[in-house]
Structure formats: structure tokens, C-alpha cells
Amino acid sequence: MAASALISLLCTEASAQRTMRGQFFAAAEGGAGILPGDIAAGGVRAGQYLSGAYWAAGAAASVSGQGLSSGDRMEYLRISAYGDWMWRLAGTRDRSLSLYAGAGLFLGYEAYDPRRRLPGYIETGTGAGAFIYGARARLESEIFVIRTAAVTLGITPAAVFGSRLDRFSCNAQIGIRIML
């Protein structure tokens with residue numbers, strides 16, 4: 001009995017949890033921008049769980065628009081690759097519900113008027129596009145609906161450098177995460 005008690009005190013990991021150290025996942029997300037002009041956002045990601053955190057890498061795309069002095073509206077498409085590190089802030093014992101917070105870096109391209117909808121006589125002074133980079137924060141909840149799949153709800157504000165239009169963006173997402 002004393003040996004069982006000692007062993008249980010030394011164990012730091014439970015194997016009956018939904019997320020375990022070393023476990024990989026794949027996810028897809030869709031959402032919308034929170035700031036004026038933001039239209040839609042989406043992406044895919046893959047990562048691996050650690051004891052109290054996870055890392056993820058992925059690709060994201062968002063469509064936004066900005067009004068011009070002529071009264072027209074210019075759309076722009078932002079495509080980026082990113083890497084995030086997320087810490088578990090809170091969760092249930094079986095990890096069927098968890099709250100994560102973290103940060104990451106991204107690198108990408110911003111295409112201005114990608115569908116060429118602006119009339120030819122309007123000069124925006126932005127060119128065709130620009131390379132962008134920056135840092136992003138993320139707050140996310142993970143809710144398992146079955147043992148191997150979870151619904152995620154997240155919010156991702158980002159500081160954008162290199163853009164000729166925005167210096168800040170913020171998206172809210174809903175997604176599905178599959179344990180591999």
C-alpha cells in the first residue's frame with residue numbers, strides 16, 4: 001500500500017487524458033475579422049502536445065477591405081505561414097475542456113486588389129502587394145466532442161509589419177482538431 005502511494009506521487013502524467021505528451025494533431029479553422037474592414041479568415045495547422053503546452057505550425061489566409069477616397073473599396077488578401085507556442089492555462093482533469101494562451105511569429109504576402117475589381121483610373125499607390133511579417137498572440141479553448149476530435153474557439157490579434165494598409169489585425173475562429 002505504501003509502495004502504491006509512493007508510485008502515485010511520483011507519476012506526473014496520466015495516460016487516460018485526451019491529450020498526451022507526444023501526441024500529434026491536425027486542424028482546420030474558419031472565422032471572421034473583428035476589426036472594421038476584415039471580412040473572412042481561415043487556415044490549417046498541425047502540431048504536437050507537450051506536458052503543459054503544445055506547438056503548432058500552419059498556414060492562414062484572410063480577406064479584408066479598405067475604403068478609398070474615391071468611394072471605392074479595395075480588397076486585399078493576406079496569406080501567411082506561422083508557428084505558435086501555446087501554454088495550457090486551465091483544463092479539466094481528463095482534458096476534455098482546456099484553455100490555452102500563447103504567441104507566435106508569421107511570414108507572408110499581402111496582395112492588393114487580387115481580383116482586379118478597381119477601375120484602371122484609380123491609383124492606390126500600393127503596388128501589387130508586399131511581403132509581411134509579424135507577431136501574433138492567441139487565446140483558445142478546446143472542447144472535445146468525441147475522444148479523437150475537438151472543437152476549438154480562438155481569437156488571434158496580430159501586429160503586422162511590412163503592410164501598406166494595416167498594422168494590426170484581429171480574427172476570431174472556430175475550428176475542428178483531429179488527434180492523430
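This is a predicted model: local features need pLDDT of at least 70, side-chain atom pairs count only at pLDDT 80 or more; totals for chains, interfaces and linings use all residues.
Which residue does E142 meet in a salt bridge, side chain to side chain? The partner is R177, and the nitrogen-to-oxygen distance of this salt bridge is 2.7 Å.

**Salt bridges**

- Across the whole structure, the search finds nine salt bridges, and a network of such bridges links E29, R45, D84, R136, R138, E140, E142 and R177.
- Buried means under 20% relative accessible area. E142 counts as buried because its relative accessible area is 0%, and R177 is likewise buried because its relative accessibility is 0%.
- A salt bridge also joins the side chains of R45 and E29, with 3.7 Å from N to O. This pair links distant parts of the chain, since R45 sits in strand 2 (residues 38-49) and E29 in strand 1 (residues 24-33), 16 residues apart.
- Both R45 and E29 are buried.
- E140 and R138 form a further salt bridge through their side chains, at 2.8 Å from N to O. E140 is buried because its relative accessible area is 1%, while R138, with a relative accessible area of 4%, is therefore buried as well.

- As background, nonpolar side chains in soluble globular proteins tend to be buried together.
- The largest nonpolar core here has ten residues, namely F25, A27, Y49, Y54, A56, M86, Y100, F144, A150 and M179. Strand 1 and strand 3 (53-67) are the elements that give two or more residues to this core.

**Nonpolar surface patch**

- On the surface, F24, W55, W85, W87, I176, I178 and L180 form a nonpolar patch, and together they have about 700 Å² of accessible area.
- Strand 4 (73-91) and strand 8 each supply at least two residues of this patch.
- W55, one of the patch residues, lies in strand 3, and W55 counts as partly exposed because its relative accessibility is 31%.

**Aromatic pairs**

- A pair of aromatic rings is described by the distance of the centres and by the angle of the planes.
- The count of aromatic pairs in this model comes to eight. In the pair of Y109 and F131, the ring centres are 5.3 Å apart and the planes stand at 70°, so this pair is edge-to-face. It links distant parts of the chain, with Y109 in strand 5 (residues 97-112) and F131 in strand 6, 22 residues apart.
- Y109 is partly exposed because its relative accessibility is 33%, whereas F131 is exposed because its relative accessibility is 66%.

Key
Residues are numbered from 1 along each chain as its sequence is written. Side-chain values use heavy atoms; hydrogens and water are left out. A salt bridge is a side-chain nitrogen of Lys or Arg within 4 Å of a carboxyl oxygen of Asp or Glu. Helices (H or I, at least four residues) and strands (E, at least two) are DSSP runs, numbered from the N terminus. Buried means under 20% relative accessible area, exposed over 50%, partly exposed in between (1.4 Å probe, protein chains only). A nonpolar core is a set of buried Ala, Val, Leu, Ile, Met, Phe, Trp, Tyr and Cys residues joined through side-chain atoms within 4.5 Å. Patches are made of residues with over 30% relative accessible area and no salt bridge: like charges are joined within 9 Å, nonpolar side chains (Val, Leu, Ile, Met, Phe, Trp, Tyr) within 5 Å. Accessible areas come from the Shrake-Rupley method with a 1.4 Å probe; for residues, only the protein chains shown count as cover. Rings of Phe, Tyr and Trp (its six-membered ring) pair if their centres lie within 6.5 Å; planes under 30 degrees apart count as stacked, over 60 as edge-to-face and the rest as tilted.
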